[in-house]
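Here's a quick briefing to read alongside the model. Have a look at it first, then we'll go through the chain contacts, the charged pairs and a few local spots.

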Amino acid sequence: MTSTIESIQNGESTVSNVVNAAFASIETETFNAFHESWIHESQTDIEGPLKGATIAVKDNIVTTTGTTTCGSKMLDGYQSPFDATVVERLIASGATLVGKTNCDEFAMGSSTEHCAWGVVRNPWDMERVPGGSSGGSAAAVAAGLCHAALGSDTGGSIRQPAAFCGIVGYKPTYGVVSRYGLVAFASSLDQIGVFTRSVKDAALVAEIIAGFDLKDATSVDEPSPNLTSGLEKSVASIKIGVPRGILTDRNDAEVNEAIQNAIRVYEALGATIVEIDLPLTDVGISTYYVIAPAEASSNLARYDGIRYGHRTKKKNLNLFDLYAHSRAEGFGDEVKRRIMLGTYVLSSGYYDAYYNNALKIRRLICEEYDTAFSQCDVILGPTTPTPAFKIGAKSDPVSMYLCDMYTANTNIAGICGISIPCGFANDSGKPLPIGLHLQGPAFADATLLQVANAFETATDFHHHHPEQVS
Amino acid sequence: MNANEKNIPLTTEAVRHVAKLSRLALTDAEIEQTKEDLSSIFMHIDRLKQIDTAGVAPLDHPSELLNRDRDDGVGETLSQQQVLKNAPAVKGVYIDVPKVLGGES
């Protein structure tokens, strides 16, 4: 992305050449990454730091141009009357938005198999998932269809697909990027973030979208952080925490090998490796699958077939049945499952044992991170236990949920996290990317990106692209 | 202890009740499938009971932000046309809905 921006600045290329080339490749893509592609109605030819960059937007972020469906029949054809703050900021920066990418319905999923508009495929192996829920955005960037893409991350939905697709996926600290215009799934966990092919590109895009927004009550009252000027700093004084027991046979052997190699890379760069304890990693998914569905059941109550969204065509229904049939018809199975789970854990008789208890564990998870970050600057581990799995392989909900076992606690604590490519698994015959997961304390995003950048500069995994391998 | 002993006894009736609370019209087959799915999810979630949370205060939000105020003035607003654009049924300037008052609802 940076080199394209530079070539526009020195006149070697024009925005329209870049954009036309992007639309040509989007037109013929076979991954089902895009739901729609268009030029935004308020796109102008302005001078800005991202002029020349082509950026896709996950379809759970509202745009006045085109539709916002959240991968769901519930919102088929929905035309948002406003743009998300992040959309406005990107356009104002000179970037060209190129359309909306497919995602798991209402951001609920880890494979982008639960999209009403069809499964999205991994550009590294068409028989495999790109990860989810931001699979379309990840596939688009991995396949080189656009320079960057916005995603959202509630339990790992940016970082996990970034790992599966061999690209950078960054989730800022909660509150750093405005959620105004992000269709709410779990309000205390959701964050918008970016997919790019390099850490520097991620920092550039994040700087544009980050910063206080009056329209988001959970937006932190700070200007956009400076994420780029310290990127090249050395990691010689950095302490990297590796959780005890993170590299067990729960992970594929090739994943463990890649992470051990990453540790050696950091050692060679002069960082200090420290063993830390994060035992609550083991219950992160269980905690997440109480809190997130509970919040989702509340957030998705607005889809009632009245003011917008799908309304059942069945006639002569009372109000209750109008709601119940509109919702049953509009939502897919995974969404219904999570709404039911959330309603259950919030219901009378179960609230204390499940939801309230999960909130107590949430506090314990935060405290565990605080202790860990008193011993290290950044935490390192695998993003996922395995590389991308085959489409259809995880039909059992729990096995799908476990994909996010290493990423969910980042959202629970509201801290920052990033996945960067750190190797390939070759056992299956085709090279499948492996992601390195780094987590930093809240508001230490600049340090997180600096540490990620150091690894990227010392290695060449991020230079491998699927189009080179066929 | 085998897996079934840890299973929360989710009954069909409980699932029907939750479907009603969730305003979801599920078929009998969907109720049974949901019962199976939720049972296996709860087997996983029940591990949380092993964590000692005595004396721990619940944390519902990571940032512990306080609510913010702004002046109660009119800012950007949507036009009627924008609001009605996505409505499933419109009559004039109204969203057309089934009758709610005056009889069984």
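A salt bridge here is a side-chain nitrogen of Lys or Arg within 4 Å of a carboxyl oxygen of Asp or Glu. Arg244(A) and Asp277(A) meet that rule, with their closest N and O atoms 2.8 Å apart. Keep in mind that this is a predicted model. Over all chains, the rule gives 18 salt bridges.

**Where chains A and B meet**

- On the chain B side, 53 residues are in contact with 69 residues of chain A.
- The two chains bury about 5200 Å² between them, and 69% of that is on carbon and sulfur atoms.
- The rule picks out two salt bridges across this interface, along with 19 residue pairs in polar contact, both residues being at pLDDT 80 or more.
- Helices α2 (12-21) and α3 (28-45) of chain B each bring at least two residues to the side that touches chain A.
- Of the chain B elements, α3(B) gives the most to that side, with nine residues.
- Sorted by class, the side of chain B that touches chain A has 29 nonpolar, 10 polar and 14 charged residues.

**Salt bridges between the chains**

- Side chains of opposite charge can pair when their charged atoms come close.
- Arg337(A) pairs with Asp37(B), with 2.7 Å between the closest N and O atoms.
- Glu76(B) and Lys215(A) form a salt bridge as well, at 3.4 Å from N to O.
- Glu76(B) sits in the loop between α3 and α4 (80-84) of chain B and Lys215(A) in the loop between α6 (199-209) and β7 of chain A, so this pair joins two chains.
- Glu76(B) counts as exposed because its relative accessibility is 72%, while Lys215(A) is partly exposed at 35%.

- Arg244(A) is partly exposed at 46% relative accessibility, and Asp277(A) is partly exposed at 43%.
- Arg338(A) and Glu334(A) make a salt bridge at 2.7 Å, N to O.
- These two are four residues apart in helix α10 (333-346) of chain A, so about one helical turn separates them.
- Arg338(A) and Glu334(A) are both buried.
- Shared partners tie Glu334(A), Arg337(A), Arg338(A) and Asp37(B) into one salt-bridge network.

**Helix α7 of chain A**

- After the helix comes Gly270(A), with a positive phi near 100°.

**Two residues to check**

- Tyr323(A) is in helix α9 (319-330) of chain A and counts as partly exposed because its relative accessibility is 22%.
- Leaving out residues up to four places away in sequence, Tyr323(A) touches Asp304(A), Ile306(A) and Arg23(B).
- Thr459(A) lies in the segment after α14 of chain A and is buried, with a relative accessible area of 15%.
- The Thr459(A) side chain reaches the backbone oxygen of Phe455(A) at 2.8 Å.

Definitions and conventions: Residues are numbered from 1 along each chain as its sequence is written. Chains are lettered from A and ligands numbered from 1 in the order in which they are written. This is a predicted model: local features need pLDDT of at least 70, side-chain atom pairs count only at pLDDT 80 or more; totals for chains, interfaces and linings use all residues. Side-chain values use heavy atoms; hydrogens and water are left out. Contact means heavy atoms within 4.5 Å. Buried area is the accessible area (1.4 Å probe) that two parts lose on being put together, summed over both. A polar contact is a pair of N or O atoms within 3.5 Å; within protein, one must be able to donate a hydrogen and the other to accept it, and residues adjacent in sequence count only if both atoms are side-chain atoms. Ala, Val, Leu, Ile, Met, Phe, Trp, Tyr, Cys and Pro count as nonpolar, Asp, Glu, Lys and Arg as charged, and the others, Gly among them, as polar. Buried means under 20% relative accessible area, exposed over 50%, partly exposed in between (1.4 Å probe, protein chains only).
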